[in-house]
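Subject: Structure for your review

Dear colleague,

Please find below the structure that I am handing over to you. I would be grateful if you could read the notes after it alongside the coordinates.

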Amino acid sequence: MPSSPADPAPLALRRSVTGPLLVLYGVGTMIGAGIYALIGEVAAAAGLFAPLSFLLASLIAALTAASFAELAARYPQSAGEAAYVSAAFAERRIALLVGLLIIASGIVSSGVMFRGFAGYAGGLVSFEPWHAYLGLALLIGGLASWGIGQSVLAIAAITIVEVGAILFVIALGVVQGIDLPDAPPAFGSAEVAGVVAGAVLAFYAFIGFEDMVNIAEEVKRPRRTLPIAILLALLLTALIYIALAVVAIGSTSTTELARSTEPMTLILSQLTDAPSRWMSYVAMLAVLNGALVQVVMASRVLFGLSRQRLIAPWFGRVHPRTRTPIAATLLVIGGVFAAAVLLPLATLAQFTAMFLLIVFALVNVALIRVRRMDMAPPTHFTAPRTVPHLGAATATLFALASGYQIVS
């Protein structure tokens, strides 16, 4: 029901996120915990051509990222994906479905990360896993409720540690020397299939740039800042991944990488005789960082859906002191705890990736429709004309490939 003139205006979120912090937020979202395990799986699929898999995945991700960048400049709102689809299709049910898929992906991804953290910590201390889940829920829920400035600063600080550890491994590989083949290996149809299969896996490591649009209402000068930050974060992440893949295949056999449950620790151990166990602690930090990012993102999507009047109004309420959506945050962190305790998360995580790819396809189609309805381009960023068409096609193909992986 519309507010009457006597009703007080609803509190807005606090705009405290600058461009550099937003870039670090995006890099932290994409680097996350995934690359610390994913590098071995990509090497198993693509072998010595693993760097090409990361390059191909980054180019495909860039198509959808460019569409997100233009739409973020047009509609700088929380629950961005739902807002884009709503503007394009004028269909509230589709917008609600997209928003709920994004929230579900954040909750399940965080649940997976809670379990991953408990797995690492279980090697150091004996405890019941649900105790760890509860502790993490209180820690991350409290930080996400405290304030967006504090949350993003924590994410940025942990991102610097994560990225610093990866850059240290890359630098060590350059200094120590890595054993790459003198002549390029044969590149036939089997190798092409391996590169594509590796790219399907590597694409998951780039998922996260879409989270950046969901804090749009807390970003300073969002129409200008968001497009630059999205594309710069993706570029930096791609360069880091490709360089790491080169060092990985040049220092460690792809067979060992594929078998290892801690591939980054394995790579480091191949490059130096110094103790390498500290990399596992960095991975634990990466898990915490990824979970915090997902909780912040999912709570802002809930907030945005409420402000768009797609769900109950109390999720759109902002605490007057912290200026954060407390009710939305509490619901998300409760869902994460329940997911970590109750659900078989491995298969759900694969389904979530497929759902996100469906959302990506819808967002690209939304940009095509928005352009047809509104010929005036955004003032700060316009993606090349063919980008949303290619983005929709590749996201659909990757979603089908993900579905095939699930059933096979």
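Predicted model: local features only at pLDDT ≥ 70, side-chain atom pairs only at ≥ 80, totals over all residues.

Helix packing

Two packed helices are described by the angle between their axes and the distance between the axes. Here the pair consists of helix 3, residues 50-74, and helix 8, residues 189-206; their axes lie 7 Å apart and form an angle of about 55 degrees. The crossing of helix 3 past helix 8 is right-handed.

On the side of helix 3, the contact is formed by Leu52, Ser53, Phe54, Leu56, Ala57, Ser58, Ile60 and Ala61. Helix 8 contributes Gly194, Val195, Val196, Gly198, Ala199, Ala202, Phe203 and Phe206. By class, the residues of this contact comprise 12 nonpolar and four polar, with no charged residue.

Salt bridges

Side chains of opposite charge can pair when their charged atoms come close. Across the whole structure, the search returns four salt bridges.

Arginine 74 and glutamate 70 are both buried.

A further salt bridge joins arginine 93 to glutamate 91, with 3.2 Å between the closest N and O atoms. Arginine 93 counts as exposed because its relative accessibility is 68%, whereas glutamate 91, with a relative accessible area of 26%, is partly exposed.

Arginine 300 and glutamate 218 also meet in a salt bridge, at 3.0 Å from N to O. This pair connects distant parts of the chain, 82 residues apart: arginine 300 belongs to helix 12 (residues 278-307), while glutamate 218 sits in the loop between helix 8 and helix 9 (222-251). Arginine 300 has a relative accessibility of 0% and so counts as buried; glutamate 218, likewise at 0%, is buried for that reason.

Finally, salt bridges with shared partners join Glu70, Arg74 and Arg371 into one network.

Yours sincerely

Note on methods
Residues numbered from 1 in each chain as written. Heavy atoms only, no water. Axes fitted to C-alpha atoms, helices over the stretch in contact; angles between N-to-C directions. Helix = DSSP H or I, 4+ residues; strand = E, 2+ residues; numbered from the N terminus. Left-handed = near helix turned anticlockwise from the far one by under 90°. Contact = heavy atoms within 4.5 Å. Nonpolar A, V, L, I, M, F, W, Y, C, P; charged D, E, K, R; others polar. Salt bridge = Lys/Arg side-chain N within 4 Å of Asp/Glu carboxyl O. Buried < 20%, exposed > 50% of the residue type's maximum accessible area, 1.4 Å probe, protein only.
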